[in-house]
Amino acid sequence: MLSLDLKDRFDSLAYSDHVQRIQALLAELDVKKIYSVNPDYPATVEQTIHGLQTQGIENAYHQACLLFSVFQGGVRLEQIPASLSILDRVLHCVQKAILQGVPRGAYEHIYTVLAGTGSCRQAWLNIEPETNCLDLLSHGLVEKPFIQLMCLHQGVSDPTAVHQFHHDANCFRTQSGFQHKIFGGYSPQSLIAQVCRNTLAEDPRVVSPTALVEHCELGMLTPAGFVSTQQLQLYDARQAQLNFMQRTFELDAAMQAKVESNWQSTAQPNLLDECSVRIATPCLNADLQFYAGWQKGTAGFEFRLDGDMHVRMSANALVWEANLQHQGVLVNLSVQLPQDLAIHWSIKEAMQVGQLPFGAPLLVRQYDAPLHVLVNSVVCVGKPVVNTTEIVAGYLKLKLHAQINPETRTLGVFLTLSHSDLVVHGQSIDPLVGWRSCVWELGTELTMAQWDLSHG
């Protein structure tokens, strides 16, 4: 067994031999004597190797590829994302150097000399087969991590994101076919901004079917064609907003006529007399804070609806009134809310791609308020006494729903006011005949109004 002193001496000798081997190999490859003739060349090689070791890069072949890419190809190691694996960092450096004109044959020679050498502190050959970087590059196996960019109509929403771009790229292209050289005022961020203006509508209510709106690439335009060095994904970060306070809502003349007609033409002809509907102006008021757009969640991007809505309605805002005759007894009845209505909706909805409400309304929130019936009958000698057995005659329904126009892709948010069938369950009590039940069908289900909140 080696003593600790012998092991330290062995490591020192192995490391010194490794550094000299790399220096000799790189000097051999420096045919035009660009860097190897510099007086500080040996020290620079040793310092760079030491820096690579501190990053965990100890494989001799990987170190030689990186050093040659730096010296011959002008590659800057600090521009390679540290989040990549060691092999991916080596591949990116080799690829960038080749794009700068470094001959592939030089890397083939490095592989021939150092493949299987193993770690710089290892005096024996590595029994594991070495991976040739050129083979991986030839088969397109370099994993280029996508940079996700959140975008608005004007361009990238975060100005600091441009620091991630490779500064040596000379061409920009998109998956949809747009391609442009990078020079002067045509920087990557300005070209991305042009793509955003053409892809994302200025009105954030015009919804993108998917959060990912475009694939882009930065790369080098060479005589052999375009070589990608960085891939970008543009995501829609626009947020549609609706904000208003104390907005009032009214039933216009056509809506009021529809409500009155439905009350007058009941399912039981000639049942009601002197029927009318009292409709307040305004009918109700509301506050709304609403946001809609793509956001990144734990499971990826999702289209989210968030907000708060308060709806207020007076008990006397809608009152149905009528007289009717039942077994010769005059009955006065009215249907309305038993008390003022105050609704609070907290809105939190999330949808995945393919679940957005294109063409079909998405019910966001609904509130059903009971409508109470009040019956007064004239008491006459020899006539039955008429009253109700159930106080609820139906329900007033308020619905909030969202819908996307499939042609314009515009998001609309709507508030709908409706009521269910209006039915009164009554009874008559006659001293001679006894007790009898009765059912009065007063009005059928009706959508009274629908307001587009997007224009508020």
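Is Y186 buried, exposed or partly exposed? With a relative accessibility of 38%, Y186 counts as partly exposed; the class lies between buried (under 20% relative accessible area) and exposed (over 50%), computed with a 1.4 Å probe on protein chains only.

The structure is a predicted model, in which local features need pLDDT of at least 70, side-chain atom pairs count only at pLDDT 80 or more, and totals for chains, interfaces and linings use all residues. Residues are numbered from 1 along each chain as its sequence is written, and side-chain values use heavy atoms, with hydrogens and water left out.

**The chain as a whole**

The protein chain has eight helices and 20 strands. Helices (H or I, at least four residues) and strands (E, at least two) are DSSP runs, numbered from the N terminus. Of its 456 residues, 46% count as buried. Among contacts in the chain with a separation of 6 or more, 70% are between residues 24 or more positions apart; contact means heavy atoms within 4.5 Å.

**Helix packing**

Two packed helices are described by the angle between their axes and the distance between the axes. Axes are lines fitted to C-alpha atoms, for helices over the stretch in contact, and angles run from 0 to 180 degrees between N-to-C directions.

| Helix pair | Axis angle | Axis distance |
|---|---|---|
| Helix 2 (residues 41-54) and helix 3 (residues 60-73) | roughly 130° | within 11 Å |
| Helix 3 and helix 4 | about 30° | 9 Å |

Helix 2 is therefore oblique to helix 3, while helix 3 is roughly parallel to helix 4. Angles under 35 degrees count as roughly parallel, over 145 as roughly antiparallel, 65 to 115 as roughly perpendicular and the rest as oblique.

Helix 2 and helix 3 have a right-handed crossing. A crossing is left-handed if the near helix is turned anticlockwise from the far one by less than a right angle, and right-handed if clockwise. On helix 2 the contact uses Y41, T44, V45, T48, I49, L52 and Q53, and on helix 3 it uses Q63, L66, L67 and F71. These residues comprise seven nonpolar, four polar and no charged. Here Ala, Val, Leu, Ile, Met, Phe, Trp, Tyr, Cys and Pro count as nonpolar, Asp, Glu, Lys and Arg as charged, and the others, Gly among them, as polar.

The crossing of helix 3 and helix 4 is left-handed. Helix 3 contributes H62, C65, L66, S69 and G73 to this contact, and helix 4 contributes I86, L87, R89, V90, C93, V94 and A97. Eight of these residues are nonpolar, three polar and one charged.

**Aromatic pairs**

There are ten aromatic pairs in the structure. Rings of Phe, Tyr and Trp (its six-membered ring) pair if their centres lie within 6.5 Å; planes under 30 degrees apart count as stacked, over 60 as edge-to-face and the rest as tilted. F68 and Y107 form an edge-to-face pair, because their ring centres are 5.4 Å apart and their planes stand at 75°. F68 is in helix 3 and Y107 in helix 5 (residues 104-114), so the pair links parts 39 residues apart in sequence. Both residues are buried.

The pair of F183 and Y186 is tilted, because the ring centres are 5.3 Å apart and the planes are at 50°. F183, at 48% relative accessibility, counts as partly exposed. Y35, Y41 and F71 make up one aromatic cluster.

**Around V102**

V102 sits in the loop between helix 4 (86-99) and helix 5. Its relative accessibility is 5%, so V102 counts as buried. Leaving out residues up to four places away in sequence, V102 touches F68, Q72, G73, A97 and Y107. The C-alpha atoms of V102 and G73 are 6.0 Å apart, although 29 residues separate the two along the chain.
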